Amino acid sequence: MGLLLLWMTIPSLKEVITKDFDVVNGKCTIEISSSGRSSDSTFNMIDTNDQYTFNEVPDLDAYGKSIPYYCEITVTKDHMWEMNYKIYDLKTRKLIY
């Protein structure tokens with residue numbers, strides 16, 4: 001079982017170590033889900049229908065969570081691992097988080 005997991009993650013691990021990243025950007029919505037003590041945020045990219053999940057929840061209380069934003073999400077080239085994200089106002093492109 002361990003060898004299978006290692007075999008599946010080696011390509012992505014190589015990209016993380018060599019910092020070979022891709023930036024996915026576009027219009028997105030953010031869904032917050034919580035279970036017990038943990039919360040996570042799911043970024044739904046509207047143009048590509050991709051979803052990216054992060055363990056932290058962005059502080060968007062003043063803006064609202066279900067409205068569209070402009071997001072830049074840094075992922076590995078194979079889009080298996082999410083690294084970082086930036087959230088911008090959709091109209092002004094001002095950095096929010």
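Q: Is Asn44 buried or exposed?
A: Keep in mind that this is a predicted model. Asn44 sits in strand 2, residues 38–45. The cut-off for buried is under 20% relative accessible area. Asn44 comes in at 12% relative accessibility, so it counts as buried.

Q: Which side chain does the side chain of Asn44 make a polar contact with?
A: Start with what Asn44 touches beyond its neighbours within four places in sequence: Lys27, Cys28, Thr29, Glu31, Asp50 and Gln51. One of these contacts is polar and runs side chain to side chain, at 2.9 Å, and the partner is Glu31.

Q: Which residue in strand 2 does Glu31 stand opposite?
A: Strand 1 (residues 21–35) and strand 2 pair in the antiparallel sense over eight bridges. Looking across from Glu31 into strand 2, you land on Thr42.

Q: And in strand 3, what is the bridge partner of Thr42?
A: Strand 2 and strand 3 are also antiparallel, with four bridges between them. Strand 3 has a covered face, Tyr52 and Phe54, while its uncovered face holds Gln51 and Thr53. The bridge partner of Thr42 is Thr53.

Q: Which strands stand at the edges of the sheet?
A: The open sheet has five strands in the order 3-2-1-4-5, with antiparallel pairing. Each edge strand has a single partner, so one side of it is left without a neighbour in the sheet; these are strand 3 (51–54) and strand 5 (82–88).

Q: Which residue takes a positive phi in the hairpin of strand 2 and strand 3?
A: That hairpin has five residues between the strands. The one with a positive phi, near 60°, is Asn49.

Technical notes. Residues are numbered from 1 along each chain as its sequence is written. This is a predicted model: local features need pLDDT of at least 70, side-chain atom pairs count only at pLDDT 80 or more; totals for chains, interfaces and linings use all residues. Side-chain values use heavy atoms; hydrogens and water are left out. Helices (H or I, at least four residues) and strands (E, at least two) are DSSP runs, numbered from the N terminus. Buried means under 20% relative accessible area, exposed over 50%, partly exposed in between (1.4 Å probe, protein chains only). A polar contact is a pair of N or O atoms within 3.5 Å; within protein, one must be able to donate a hydrogen and the other to accept it, and residues adjacent in sequence count only if both atoms are side-chain atoms. Contact means heavy atoms within 4.5 Å. Two strands pair if DSSP finds at least two bridges between them.
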